[in-house]
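Reader: Hi! I'm new to looking at protein models. Could you walk me through this one?

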Amino acid sequence: MKNSYIHIVNKLLQKHTIHIDINELIFQIRNHPSYPYQPAITGILTHFNIDHLVLQVPVDKNTLFLFAKNIIALTKKINNYKKFCET
């Protein structure tokens, strides 16, 4: 099974044509002190000097369409289970 953090971050970087060594990405994510929580993703982006924002916004289609084409979103399911997804 793929590590969801590695897969999501790598896919986002590919969509933005940002090339990072996959082994370094794997190492940095797995060894981040906040792993497996959201700050690990922002920490990795900071580590690789990639501009990013962390925002809390209403989760509806009208709001999400205001953002860039390729984003990572942390959504909350009805049963309180949190899940990352990329667009």
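Reader: Leaving aside its neighbours within four places in sequence, which residues is Q28 in contact with?

Author: Q28 is in contact with I44, H47 and F48, where contact means heavy atoms within 4.5 Å. Keep in mind that this is a predicted model: local features need pLDDT of at least 70, side-chain atom pairs count only at pLDDT 80 or more, and totals for chains, interfaces and linings use all residues. Residues are numbered from 1 along each chain as its sequence is written, and side-chain values use heavy atoms, with hydrogens and water left out.

Reader: Thanks! Is Q28 buried or exposed?

Author: Q28 is buried, at a relative accessible area of 17%. Buried means under 20% relative accessible area, exposed means over 50%, and partly exposed is in between (1.4 Å probe, protein chains only).

Reader: And what does the side chain of Q28 make a polar contact with?

Author: Its partner is the side chain of E24, at 2.7 Å. A polar contact is a pair of N or O atoms within 3.5 Å; within protein, one must be able to donate a hydrogen and the other to accept it, and residues adjacent in sequence count only if both atoms are side-chain atoms.

Reader: Where is the place of Q28 in the chain?

Author: Q28 sits in helix α2, which covers residues 22–30 and has L25, Q28 and I29 buried. Those buried residues fall within an arc of 95 degrees seen down the axis of α2, so they line one face of the helix. The arc is that of the directions from the helix axis to the C-beta atoms.

Reader: Nice. What do the buried residues of α2 pack against?

Author: They pack against α1 (4–15) and α3 (38–47). On the face turned away from the buried side, α2 carries the exposed residues N23 and R30.

Reader: Zooming out, how many helices and strands does the chain have?

Author: There are 4 helices and 2 strands, in the pattern α-α-α-α-β-β along the sequence. Helices (H or I, at least four residues) and strands (E, at least two) are DSSP runs, numbered from the N terminus. Buried residues make up 26% of the 87 residues.

Reader: What about the peptide bond from Y35 to P36?

Author: That bond is cis, with omega near 15 degrees, and P36 lies in the loop between α2 and α3. Most residues other than glycine have a negative phi, and most peptide bonds are trans.

Reader: Then what is the phi of T17?

Author: T17 has a positive phi of about 50 degrees although it is not a glycine. T17 lies in the loop between α1 and α2 and counts as exposed at 60% relative accessibility. N49 has a positive phi too, about 55 degrees, and is not a glycine either. N49 lies in the loop between α3 and α4 and is exposed at 70% relative accessibility.

Reader: Last one: how far apart are I18 and I50?

Author: They are 32 residues apart in sequence and 8.8 Å apart in space, C-alpha to C-alpha. I18 is found in the loop between α1 and α2, and at 28% relative accessibility I18 counts as partly exposed.
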